[in-house]
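Dear colleague,

I am passing on the structure we spoke about, and my notes on it follow below. Please read them with the model open beside you.

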Amino acid sequence: TILFGTGKLGLELLRCFVVSPTPVAERFALGTGIIILENEATFDSFCRLSRHKPVFALVVYGRGHEIQKCVPYLQREASRAGVPEIHYFGDVDRRGLEIPRQLALNAAVGVPVRPLVVAYEAILRQTPASTQPAPACCDWLPPDLAARAATVVLESRRLPQEAFGWDEIA
């Protein structure tokens, strides 16, 4: 409003600040990476995996677009863990690809947000590459996966991350 602006009221003058939420996450002493998972079933599976194999030090439940609000948390955790990148795995559809793409474009995260390629390869293995240009949401994936994801997005379909089942995860 007109009350706020340069030389006027500000959040700091009111002693207010934006609080970013801390997502649901689980730590594992022997793991080395960080992964964000879009839904709770896959989050649970990756937590079970990390209890038995030292894969990820931190498994984060992204809750879809809610993870966008948690950038300061991701930045702190990546710095604390000293990881060169954060992995992400979600559904293959427009929304499920837009979420990590936006995270990857957000320089405030501090490290690159990369796809968990093995998981995306597994759920896209039966999908042919599109002959049409891939929508922008797909460009977060490597080119061969982006072309296959484009087929799903352009056909308004969805491949849920749960298609990457426990046998493949383990």
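A residue is called exposed when its relative accessible area is over 50%, and buried when that area is under 20%. Arg-15, with a relative accessible area of 75%, is therefore exposed. Please keep in mind that this is a predicted model.

Arg-15 lies in the segment that comes before strand 1 (25-27), and although it is not a glycine, it has a positive phi of about 55°. Arg-63, which is not a glycine either, also has a positive phi of about 55°, and its place is in the loop between strand 3 (56-61) and helix 2 (71-81).

Turning to the rings, the structure holds 6 aromatic pairs. One of them is formed by Phe-43 and Tyr-61, which are tilted, with 5.8 Å from centre to centre and 35° between the planes. Because Phe-43 belongs to helix 1 (residues 40-52) and Tyr-61 to strand 3, this pair ties together parts that are 18 residues apart in sequence. Both Phe-43 and Tyr-61 are buried.

In another pair, the ring centres of Phe-89 and Tyr-120 are 5.1 Å apart and the planes stand at 90°, so the pair is edge-to-face. Phe-89 in strand 4 (residues 86-89) and Tyr-120 in helix 4 (residues 117-124) are 31 residues apart, and their pair links distant parts of the chain. Phe-89 is buried, at a relative accessible area of 0%, and Tyr-120 likewise counts as buried at 0%. Tyr-88, Phe-89, Tyr-120, Trp-140 and Phe-164 form one aromatic cluster.

Finally, Arg-48 lies over the face of Trp-166, at 4.3 Å from the ring centre.

Conventions
Residues are numbered from 1 along each chain as its sequence is written. This is a predicted model: local features need pLDDT of at least 70, side-chain atom pairs count only at pLDDT 80 or more; totals for chains, interfaces and linings use all residues. Side-chain values use heavy atoms; hydrogens and water are left out. Helices (H or I, at least four residues) and strands (E, at least two) are DSSP runs, numbered from the N terminus. Buried means under 20% relative accessible area, exposed over 50%, partly exposed in between (1.4 Å probe, protein chains only). Rings of Phe, Tyr and Trp (its six-membered ring) pair if their centres lie within 6.5 Å; planes under 30 degrees apart count as stacked, over 60 as edge-to-face and the rest as tilted. A charge sits over a ring if NZ of Lys or CZ of Arg is within 6 Å of the ring centre and within 35 degrees of the ring normal.
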